[in-house]
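Visitor: I am new to this structure and would like to look closely at a single part of it. Please start from one residue and then lead me on to what belongs with it.

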Number of protein chains: 2
Amino acid sequence: MATIYDVARIAGVSPKTVSRVLNGDAPVGKATREAVESAISQLDYVPSNAARMMRSQRSGLIGLITGAISMSPEPTQPAGLPELFIVQGIQKSLANSGMTMMIADTGGVVEKAAPLIDTFLRHRVEGLIYVAEYHQKVALPVISDGTPMILANCFDDRGTPAILPDDWRGQHDLVARLITAGHRRIGYLTLRPEIAAGPLRLDGYRAALLAGGITYDAALVANCDLEGRDGETQLLWEAIDRMLRLSSPPTVFCCGNDKMALRVYGILRSMGRKVPTEVSVAGYDNYRVIAETLYPPLTTVDLPYTAMGVRAAQRLMAMISGEIREEKGPTLVAGPVYWRDSVTELRPANVSLLKSVREE
Amino acid sequence: MATIYDVARIAGVSPKTVSRVLNGDAPVGKATREAVESAISQLDYVPSNAARMMRSQRSGLIGLITGAISMSPEPTQPAGLPELFIVQGIQKSLANSGMTMMIADTGGVVEKAAPLIDTFLRHRVEGLIYVAEYHQKVALPVISDGTPMILANCFDDRGTPAILPDDWRGQHDLVARLITAGHRRIGYLTLRPEIAAGPLRLDGYRAALLAGGITYDAALVANCDLEGRDGETQLLWEAIDRMLRLSSPPTVFCCGNDKMALRVYGILRSMGRKVPTEVSVAGYDNYRVIAETLYPPLTTVDLPYTAMGVRAAQRLMAMISGEIREEKGPTLVAGPVYWRDSVTELRPANVSLLKSVREE
DNA sequence: CGGTGTCATGTCATCGGTGTCATAAGAGAA
DNA sequence: TTCTCTTATGACACCGATGACATGACACCG
């Protein structure tokens with residue numbers, strides 16, 4: 001592979017002049033520049049980042065660690081996709097700053113994070129991002145040197161800067177929108193409470209009810225999410241069946257996520273209940289494959305993964321450039337409600353009141 | 001950041017000895033080794049890959065280019081997931097060989113591939129992999145230096161080594177299995193022919209019919225896949241309606257992919273036809289979010305993305321180590337049929353005859 | 001016409017490791 | 001005892017860029 005010396009020799013100039021042509025850091029005569037450029041293309045010269053990096057002490061690299069490119073031993077989860085969107089956002093932001101991204105994968109095994117971080121440090125990455133597949137708490141090894149790090153879709157108890165979805169607000173906005181549409185009996189089939197998003201969304205649901213002047217009714221809430229997924233459909237069936245037999249049954253079911261909503265569609269159809277004319281359904285995640293493909297299309301809340309990625313990259317770049325003495329703790333990113341046909345408007349909604357709701 | 005000289009000074013040895021401890025390329029005395037290791041951990045020393053690379057001329061890097069981490073302007077496609085699995089397979093293989101992966105993204109714009117390849121060459125990657133989001137033909141810029149390159153899920157007309165799904169065999173095996181199950185009128189709702197997989201799968205379908213002694217009937221085949229997706233549901237509805245009115249209607253619908261099958265479920269239910277008791281449905285892709293979550297779970301053909309990734313990495317590593325003067329052209333990877341409850345067994349199947357069929 | 005500034009270019013050292021070769025110390029053989 | 005032969009370690013150059021500094025050629029100024 002050709003070096004800068006080869007180019008210099010062919011062009012009849014000093015290596016430093018070639019360097020100047022490449023980097024444009026000092027004026028170069030027109031004739032000289034052309035000679036150099038001709039030599040470069042003649043030799044197919046590509047400068048070595050390693051050599052440049054040694055001298056300049058800047059790698060232009062960002063390390064990205066994710067847990068879900070390769071997933072846990074049992075890859076039943078549809079995960080991965082969220083992370084992909086986050087990565088997409090990060091990539092988009094980073095591309096503009098001339099940074100190159102290195103991606104490594106823990107294969108879902110947290111212990112693998114340490115050697116991966118080490119690999120990145122060997123490459124002298126200027127920043128690290130850890131992306132989790134769903135909103136959760138993590139415990140990563142401490143980075144001893146000063147390399148900045150940011151967490152996306154997860155947080156720790158050391159106050160490492162983190163970017164998180166605003167689950168509370170999302171569920172709140174959705175339920176507020178349902179209330180605006182005239183729904184007052186709102187069933188909620190929740191995620192299990194161990195998942196970080198579970199309690200947050202439940203709180204958002206309750207807050208929206210409160211703000212809408214509706215009393216919280218525990219009979220309308222059921223956890224239908226199991227660790228192992230086998231019993232889920234049955235659990236859902238029972239919960240829905242029970243709620244629909246109430247003297248004042250729900251007119252809409254909020255589901256913990258879109259995948260659960262997909263199941264609920266099937267169950268309601270099996271029960272002979274038409275969606276949305278007899279009962280409405282809403283999801284969470286805006287998992288497009290499901291939400292847009294279902295018939296009728298699913299009303300849901302967007303998990304703003306791409307935006308989170310963008311924010312993560314921006315915050316990291318700010319830390320790297322040292323502009324800001326970053327305050328610790330999380331940045332919350334809220335996503336809009338996607339209003340589709342799976343929910344009936346019981347009365348005409350005054351949509352203009354709801355700023356964060358997005359109609360399709 | 002500490003250097004090898006700092007470590008050497010603290011440990012009271014020469015830098016070269018520290019290097020030997022790190023790389024184990026020559027015997028080092030026990031006491032010396034311990035002094036060095038102590039100094040290393042005392043200083044939190046992490047060796048610089050850049051410096052190492054300069055001397056040894058080996059980067060330990062593999063460049064991966066993908067078109068779908070950030071997708072086309074209109075991100076309605078659920079794409080990305082397939083690529084993720086391919087990347088997972090690549091990562092898995094590569095991790096064992098001590099290679100680190102750099103990932104870059106074209107954002108769906110093919111023209112961006114050239115500068116990304118250039119970035120990788122600057123980093124002196126030892127190999128390149130281009131991953132496409134679906135089976136297609138591509139035209140990438142030629143790599144002028146000798147860096148080996150491999151295509152995954154795509155091919156070009158220069159005979160660049162490629163890893164492709166065996167669409168012909170997959171569809172063939174599925175249809176053969178349907179025939180074994182007693183189906184003789186097999187409807188096929190195809191992908192549009194411009195997609196590489198379309199004609200291959202159609203050929204597989206016809207070959208399986210032929211082998212099963214069933215005459216191909218054009219009335220049972222319809223293209224239901226449009227470039228813009230708007231008319232698709234209607235197209236499907238019409239095709240299904242037409243076929244079901246035939247004097248000898250299909251007992252099973254093969255769908256171009258699982259997403260189409262999801263739509264077909266909805267349509268058949270709307271028509272009041274029960275799946276699978278009245279009519280069976282089969283998909284293609286084994287897109288788990290859909291195939292496993294649908295009720296009843298969907299019989300489909302696995303697109304062996306992970307395996308393709310593994311093969312891609314293996315073939316690349318073989319090219320890098322120069323073991324093999326690689327022959328050009330594609331490697332086909334076949335995936336198994338996943339037999340689930342969306343297809344009725346019209347007569348008891350002798351499954352043992354079908355080696356590549358996987359029961360759940 | 002000398003002084004001063006700008007432009008264009010070259011010289012040289014250096015970043016942090018490792019390959020090559022040299023060398024000292026002890027072990028075993030003659 | 002002396003001569004190999006390992007074993008353990010050091011000295012030194014070098015990989016390919018770039019930063020700091022120097023220099024020569026003009027241009028412009030008073």
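Visitor: What does Ala114(B) count as, judged by its relative accessibility?

Guide: Ala114(B) counts as partly exposed, because its relative accessibility is 38%, and that class lies between buried, under 20%, and exposed, over 50% (1.4 Å probe, protein chains only). The model is a predicted one, in which local features need pLDDT of at least 70 and side-chain atom pairs pLDDT 80 or more, while totals for chains, interfaces and linings use all residues. Residues are numbered from 1 along each chain as written, chains are lettered from A and ligands numbered from 1 in written order, and side-chain values use heavy atoms, without hydrogens or water.

Ala114(B) belongs to helix α6 of chain B, which covers residues 113-122; helices here are DSSP runs of H or I with at least four residues, strands are runs of E with at least two, and both are numbered from the N terminus. Between Ala114(B) and Leu61(B) there are 53 residues of separation in sequence and 18 Å in space, C-alpha to C-alpha.

Leu61(B) leads us to the second largest cavity, whose lining also includes Met53(B) and His123(B) and, from the other chain, Asn49(A), Ala50(A), Met53(A), Leu61(A) and His123(A). A cavity is a set of points on a 1 Å grid where a 1.4 Å probe fits but cannot get out, and lining residues have an atom within 4 Å of a point. Helix α4 of chain A, residues 49-56, gives the largest share of this lining, with three residues. The lining holds five nonpolar, three polar and no charged residues. Gln57(A) counts as exposed, because its relative accessibility is 64%.

Further along chain A, strand β6 (residues 186-190) is mostly covered, since five of its five residues are buried. In a regular strand the side chains alternate between the two faces of the sheet. In β6(A), Ile186(A), Tyr188(A) and Thr190(A) point one way, whereas Gly187(A) and Leu189(A) point the other way, and all are buried.

β6(A) pairs in the parallel sense with β8(A), residues 252-255, over four bridges, where strands pair if DSSP finds at least two bridges between them. In that pairing Tyr188(A) has Cys254(A) of β8(A) opposite. β6(A) also pairs in the parallel sense with β7(A), residues 221-223, over three bridges; there Leu189(A) has Ala222(A) as its bridge partner, and Thr190(A) stands opposite Asn223(A).

These strands belong to an open sheet of four strands in chain A, with parallel pairing and the order β7-β6-β8-β9. β7 and β9 (280-282) of chain A stand at its edges with a single partner strand each, so one side of each has no neighbour in the sheet.

Two loop features complete the look. In chain A, the peptide bond from Tyr295(A) to Pro296(A) is cis, with omega near -5°, and Pro296(A) lies in the loop between α11 (288-291) and β10 (300-301). In chain B, Asn286(B) sits in the loop between β9 (280-282) and α11 and has a positive phi near 50°. Asn286(B) counts as buried, because its relative accessibility is 5%.

Technical notes: On a 1 Å grid over the protein atoms alone, a cavity is a set of points where a 1.4 Å probe fits but cannot get out, and a pocket is an open set with protein on both sides within 12 Å along at least five of seven lines; lining residues have an atom within 4 Å of a point. Ala, Val, Leu, Ile, Met, Phe, Trp, Tyr, Cys and Pro count as nonpolar, Asp, Glu, Lys and Arg as charged, and the others, Gly among them, as polar.
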